[in-house]
Amino acid sequence: MAGNVIRDPAGDHLLTPQNAALFVVDYQPSQIAAVTSMDRELLLENIVSTVKTAKALGLPIIHSTINVAAGRGKPTVPELAELLADDPPIDRTTTNAWEDAEFVAAVRATGRRKLIACALWTEICMTFPALDALMEGYDVYPVVDAIGGTSDEAHRAGLQRVIQAGASPVGWVALAVELQRDWAREETVADVIEIVLTERLLKA
């Protein structure tokens, strides 16, 4: 068997655990309740799997909510909040997280230039910070099946807008496999198989 090509994990043009960070924005009850572009239970399963993958592979996670401190919003839904216990939310008033100084500082502090984007809704809280991040030279990867919009049209328009600006869409399964990439990286194989196959794709 031929040896594997050695690539720089920090400089790789593909996503790696060493060059990417994940932002998880506004997975709160009212935002989820208003999603109509996909089944809400499936959406929640997909974002949970995405966050589990990021945690298993050691990606920095920027977790944010909107209007919780003001009393107009509820906290992150329990299924995600439990997973994100080590990543306390940055609470904002701005619909565009990139207009919140603490959020942007947290992104910059990761030192990562590839941002995996998960936010509700697609057309607002994913699109706005994604466009700003792209303008600042970040690579942005919206996880298309872990986000949702207030209509099919709104979801598609939000994705189209960021893709036209240079974003690269990805699905949660492809994301997990791209981050793992090589089954010889044994330290994370069991976790990725559990998250992607055992818990989800091959679940009886």
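What is the volume of the second largest pocket? It comes to about 160 Å³. Here are some notes on this and other features; please keep in mind that the model is a predicted one.

1. **The second largest pocket.** The lining of this pocket, with its volume of about 160 Å³, is made of Glu41, Leu44, Glu45, Val48, Ser49, Lys52, Glu199, Arg200 and Lys203. Helix H2 (40-56) and H8 are the elements that each contribute two or more residues to it. H2 is the main contributor, giving six residues to the lining. Sorted by class, the lining has six charged residues, two nonpolar ones and one polar one.

2. **The largest pocket.** For the largest pocket, the volume is about 380 Å³. It has 18 lining residues, and Leu179, Gln180, Arg181, Asp182 and Arg185 are the closest to its centre. Two or more lining residues come from each of helix H7 (172-180) and helix H8 (186-201). Seven of the lining residues are charged, six are nonpolar and five are polar. If you are looking at the model on screen, Leu179 and Arg181 are handy landmarks, and both return below.

3. **How H2 meets H7.** The axes of H2 and H7 are 10 Å apart, and the packing angle is about 10°. Angles under 35 degrees count as roughly parallel, so H2 is roughly parallel to H7. On the H2 side the contact involves Asn46, Ser49, Thr50 and Thr53, and on the H7 side Trp172, Leu175, Ala176 and Leu179. The contact is evenly divided between four nonpolar and four polar residues, with no charged residues. Ser49 of H2 takes part in this contact and also lines the second largest pocket.

4. **How H5 meets H6.** Helix H5 (residues 122-135) and helix H6 (residues 152-164) have axes that come within 9 Å and cross at roughly 0°. H5 is therefore roughly parallel to H6. From H5, the contact takes in Thr122, Glu123, Met126, Thr127, Phe128, Ala130, Leu131 and Leu134. From H6, the partners are Ala154, His155, Gly158, Leu159, Arg161 and Val162. By class, this contact has eight nonpolar residues, four polar and two charged.

5. **The buried side of H7.** Which residues of H7 are buried? They are Trp172, Leu175, Ala176, Glu178, Leu179 and Gln180. These buried residues pack against H2, strand E4 (114-119) and H8.

6. Most residues other than glycine have a negative phi. With a relative accessibility of 28%, Arg181 counts as partly exposed. Asp26 also has a positive phi, near 65°, and lies in the loop between strand E1 (20-25) and helix H1 (29-33). Asp26 is buried, with a relative accessible area of 0%.

7. **A cis peptide bond.** Most peptide bonds are trans. The bond from Leu120 to Trp121, however, is cis, with omega near 0°. Trp121 belongs to the loop between E4 and H5.

8. Thr110 is part of helix H4 (residues 101-110). Between Thr110 and Ile61 there are 49 residues in sequence, but their C-alpha atoms are 8.7 Å apart in space. Beyond its neighbours within four places in sequence, Thr110 is in contact with Ala21, Pro60 and Ile62. Ala190 is in helix H8, and its relative accessibility of 58% makes it exposed. Ala190 and Val170 are 20 residues apart in sequence, with 22 Å from C-alpha to C-alpha.

Terms used: Residues numbered from 1 in each chain as written. Predicted model: local features only at pLDDT ≥ 70, side-chain atom pairs only at ≥ 80, totals over all residues. Heavy atoms only, no water. 1 Å grid on protein atoms, 1.4 Å probe; cavity = no way out; pocket = protein on both sides within 12 Å on 5 of 7 lines; lining within 4 Å. Points joined across faces, edges and corners; volume = space filled by probe spheres on them. Helix = DSSP H or I, 4+ residues; strand = E, 2+ residues; numbered from the N terminus. Nonpolar A, V, L, I, M, F, W, Y, C, P; charged D, E, K, R; others polar. Axes fitted to C-alpha atoms, helices over the stretch in contact; angles between N-to-C directions. Parallel < 35°, antiparallel > 145°, perpendicular 65-115°, else oblique. Contact = heavy atoms within 4.5 Å. Buried < 20%, exposed > 50% of the residue type's maximum accessible area, 1.4 Å probe, protein only.
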